[in-house]
Amino acid sequence: MIAERFDDEGYSGTTLERPAFRRLLDLIRSGGIDRLVIYRLDRLSRNLRHFITLFEELLDHGVSLDVVTSRELGVAALDKLMLSVLASFAEFERDLAVSRIAEGRAHLRAHGRRIAGAVPFWIRR
């Protein structure tokens, strides 16, 4: 058992360019892991294409994936389908949040309001 955590604080799950994630991949590729435990699927990736690639790499290296919030999922065909559906929802949630933030900022701009929060007290008129 490896007690090391692979947390990428401040990095988005939409990219694979995360330092701790790279360390994890290196460990997987070197054969240092046979089971990967993650809390939720979207903690690994929020991009369906990335997830599918990662999942295939895990399988190629004989690494089982355990998702704490979805313990019933394994490696059977139906389980793989469910993992893909969960990964699709993670990507959808991320895209929806990005869209809503953009809409909110556009609304503020259209009404002449600041996007960056309250106006500093020394600038107020």
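Visitor: Which residues lie nearest the centre of the largest pocket?
Guide: The largest pocket has 29 residues in its lining (a pocket is an open set of points on a 1 Å grid over the protein atoms alone, where a 1.4 Å probe fits, with protein on both sides within 12 Å along at least five of seven lines; lining residues have an atom within 4 Å of a point). Keep in mind that this is a predicted model: local features need pLDDT of at least 70, side-chain atom pairs count only at pLDDT 80 or more, and totals for chains, interfaces and linings use all residues. Residues are numbered from 1 along each chain as its sequence is written, and side-chain values use heavy atoms, leaving out hydrogens and water. Nearest the centre sit Arg5, Phe6, Asp7, Val37 and Ile38.

Visitor: Which element gives the most to that lining?
Guide: Helix H1 (19–29) and strand E1 (35–38) are the elements giving two or more residues to the lining of the largest pocket (DSSP runs, at least four residues for helices and at least two for strands). With four residues, the one that gives the most is E1.

Visitor: How many residues of the lining are charged?
Guide: Asp, Glu, Lys and Arg count as charged. The lining of the largest pocket has 15 nonpolar residues and three polar ones. The charged ones number 11.

Visitor: Which residues of H2 make the contact with H1?
Guide: The axes of H1 and helix H2 (residues 48–60) come within 10 Å and cross at roughly 30°. That makes the two helices roughly parallel (under 35 degrees). From H1, the contact (heavy atoms within 4.5 Å) uses Phe21, Leu25, Ile28 and Arg29. From H2 come Leu54, Glu57 and Leu58.

Methods. Axes are lines fitted to C-alpha atoms, for helices over the stretch in contact, and angles run from 0 to 180 degrees between N-to-C directions. Angles under 35 degrees count as roughly parallel, over 145 as roughly antiparallel, 65 to 115 as roughly perpendicular and the rest as oblique.
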